[in-house]
There are 2 protein chains.
Amino acid sequence: MRNIRVGIKDVAAAAGVSVTTVSHSLSGGGVLPEATRKRVQLIARELGYAPNRLASGLRNQRSQTIGFVSDEIATTPFAGAVVLGAQEAAAAHDWVLMVVNSNLDVDLESREIRALLQHQVDGIVYARMYHQKVVVPPTLGSIPTVLLDAESDDDRFTSVVPDEAGAAATAVEYLLRAGHTRIGYLANQDDIPAAISRLTGYRDTLRSHGLPVDEALISTASPSAAGGRTAASALLSRAERPTALFCFNDQMAMGAYQAAGLAGLSVPVDLSIVGIDNLEIIAGSLFPGLTTVALPHYEMGRWAIERLHAEIHGGAANDPRHLKLHCPLVERSSVAPPPITRAGQPH
Amino acid sequence: MRNIRVGIKDVAAAAGVSVTTVSHSLSGGGVLPEATRKRVQLIARELGYAPNRLASGLRNQRSQTIGFVSDEIATTPFAGAVVLGAQEAAAAHDWVLMVVNSNLDVDLESREIRALLQHQVDGIVYARMYHQKVVVPPTLGSIPTVLLDAESDDDRFTSVVPDEAGAAATAVEYLLRAGHTRIGYLANQDDIPAAISRLTGYRDTLRSHGLPVDEALISTASPSAAGGRTAASALLSRAERPTALFCFNDQMAMGAYQAAGLAGLSVPVDLSIVGIDNLEIIAGSLFPGLTTVALPHYEMGRWAIERLHAEIHGGAANDPRHLKLHCPLVERSSVAPPPITRAGQPH
DNA sequence: TTGAAAGCGCTAACAT
DNA sequence: ATGTTAGCGCTTTCAA
């Protein structure tokens with residue numbers, strides 16, 4: 001239980017061998033008889049020996065440390081999932097994560113990256129919480145870096161993002177399969193890849209199923225509950241209202257529930273709704289539960305680290321440099337067949 | 001811009017001085033003429049010199065690194081705020097945070113703590129995402145540690161938690177001030193400090209305002225939207241229904257909104273609701289916006305680090321060892337005066 | 001006023 | 001099969 005400063009030479013002394021033998025015994029280097037190795041390992045354990053990573057890092061030019069740089073970690077409910085994915089994958093490689101946060105402040109960011117670099121991180125995950133284009137700070141050019149939920153024009157950086165168009169297709173196809181043909185889209189007004197790709201995915205999926213794209217069924221707003229409420233209300237007050245709403249994200253979907261309530265429509269009997277995000281706290285809390293397409297936050301974290309590992313330890317040759325992760329559907333209770341009004345037309 | 005391995009001796013060579021002089025110039029030690037110091041600093045900057053923290057840490061027995069150990073970081077929407085508070089405070093002290101996550105798995109946790117210790121962290125923040133009692137892993141006894149949103153029987157550890165009873169009092173008093181006298185409570189069924197203190201706070205506040213505590217107005221359930229919905233429905237179906245609901249957290253409050261909708265009651269005209277948490281994504285998304293008491297997540301993160309700093313650099317003498325942080329009210333739109341029915345009685 | 005050198009704890013090339 | 005030792009980059013004591 002003695003954990004006050006037992007170093008490798010204490011172990012060596014206790015075992016009556018040299019530090020080399022101890023080092024080899026513990027890290028599997030050299031060629032020594034199994035017996036010696038076991039004995040040394042035992043003694044090390046008894047003494048509570050734990051290698052000093054500062055020392056080995058200094059010696060090996062490898063800190064076993066990865067920097068995780070993110071924007072608005074505080075305001076994004078799924079930040080935790082991303083960090084967890086990265087952290088668990090890191091632990092599996094005996095790495096530890098140094099988490100740093102630049103709330104989109106370029107100056108702060110560059111200072112934090114400098115700190116990371118001083119700590120000799122072996123690599124960096126440069127993460128965004130919403131899929132977007134980024135310009136990567138130039139200092140990162142000198143160290144293995146992977147972009148998470150972000151893309152750069154600079155092709156030196158590998159990246160991992162959600163398959164946005166695929167997510168939209170999954171949602172729309174699910175609605176199609178339930179029998180809907182008038183499917184509205186609550187779009188995000190922001191000019192970011194997520195918004196563009198999901199809209200494209202929505203249109204393409206309708207078309208590829210032989211359905212017309214009615215632009216009047218697309219309502220654009222800010223990606224919040226309030227935005228969703230407004231956008232959905234506009235759609236629901238039309239003469240030929242949609243029987244289903246696909247929403248840019250779960251928060252807009254929450255707004256759609258509210259709009260439905262205001263319009264005296266009940267979900268999913270009168271109106272089906274599908275979101276994107278699978279924010280447990282929203283999707284699982286809405287009543288009835290929201291069927292939604294999950295964004296692979298945990299997986300992006302995990303994959304970013306795996307990619308970094310491959311890059312650092314070689315063997316990254318045949319990995320894709322830009323990965324789009326699949327987004328699975330999570331069924332809850334917000335989708336039903338369209339209501340039947342006379343002549344099969346919703347009124 | 002050369003950032004490939006410029007070490008202190010490169011700077012020394014470039015400046016035509018010894019490494020000692022460089023070290024002194026940069027870290028303010030020794031006594032050298034201001035001119036030399038400035039000159040060396042300039043050259044260091046030009047060369048893009050950045051000290052290797054592994055080396056200085058090894059030499060100083062101080063890694064400038066803090067371990068942040070948390071449970072369910074992934075499933076808790078406010079984890080980000082806690083981490084951010086800690087990270088920003090850490091940066092202010094030129095520390096970097098190593099974030100590690102043990103999803104309540106004791107084995108995993110002890111392995112991660114071991115890793116942190118190997119990296120020679122100068123201190124540890126042992127954080128929980130919900131205020132609870134914890135038994136701190138014994139290894140942490142040997143290193144400065146502060147508990148965040150957690151309390152231990154072991155008094156060696158300092159801690160920071162929200163003032164739960166105060167939060168409840170704030171909520172109830174706000175409702176009282178709006179004119180309510182029949183205030184129900186949606187309680188959390190779990191046996192944790194948060195649940196106990198908030199319930200106590202609710203009761204005490206009513207009593208201290210001369211109001212009776214009607215146990216029939218307390219409805220207990222799981223701290224989720226579904227739990228809140230059930231608990232609220234039970235209360236709202238009583239002959240003498242409460243005119244206001246104080247909820248254990250924002251998720252239960254969301255359930256209360258749903259129950260109100262089911263009962264044909266409108267918020268806040270027919271029913272006032274107050275939550276706890278100030279989960280932006282819930283409180284800001286509900287319609288109308290939820291008035292709630294904010295839990296000081298960011299502040300706990302910040303304070304934990306400050307406490308650690310005091311402990312490590314001395315001068316912690318007159319700081320409180322166990323801090324309860326204030327929880328401020330965040331007004332939105334879910335509270336109004338009670339409805340007037342004949343004889344002033346809600347029906 | 002400045003510099004040489006020891007040493008933080010570890011690894012590994014080189015001896016023995 | 002095992003040990004000696006240099007050196008990772010830095011700080012700091014001690015000497016010049």
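How are α2(A) and α3(A) oriented to each other? They are roughly perpendicular (an angle of 65 to 115 degrees), because their axes cross at roughly 90 degrees and come within 9 Å. Here axes are lines fitted to C-alpha atoms over the stretch in contact, with angles from 0 to 180 degrees between N-to-C directions. Helices are DSSP runs of H or I with at least four residues, strands runs of E with at least two, numbered from the N terminus.

A quick note on the model: it's predicted, so local features need pLDDT of at least 70 and side-chain atom pairs 80 or more, while totals for chains, interfaces and linings use all residues. Residues count from 1 along each chain, and chains are lettered from A in the order written.

Back to that helix pair: A:T21, A:V22, A:S25 and A:L26 in α2(A) meet A:T36, A:R37, A:V40, A:Q41 and A:A44 in α3(A). Contact means C-beta atoms, placed from the backbone, within 7 Å.

Now for the two chains together. Chain A can be laid on chain B with an RMSD of 0.2 Å by a turn of 180 degrees and a shift of 0.0 Å along the axis, superposing by least squares on C-alpha atoms with pLDDT of at least 70 in both. The copies are thus related as by a two-fold rotation axis.

Where they touch, chain A puts in 50 residues and chain B 51. On the side of chain A, α5(A) gives the largest share, seven residues. The copies meet through the same surface, since 100% of the interface residues of chain A are also interface residues in chain B.

Note on methods
Angles under 35 degrees count as roughly parallel, over 145 as roughly antiparallel, 65 to 115 as roughly perpendicular and the rest as oblique. Two residues are in contact if their C-beta atoms, placed from the backbone, lie within 7 Å.
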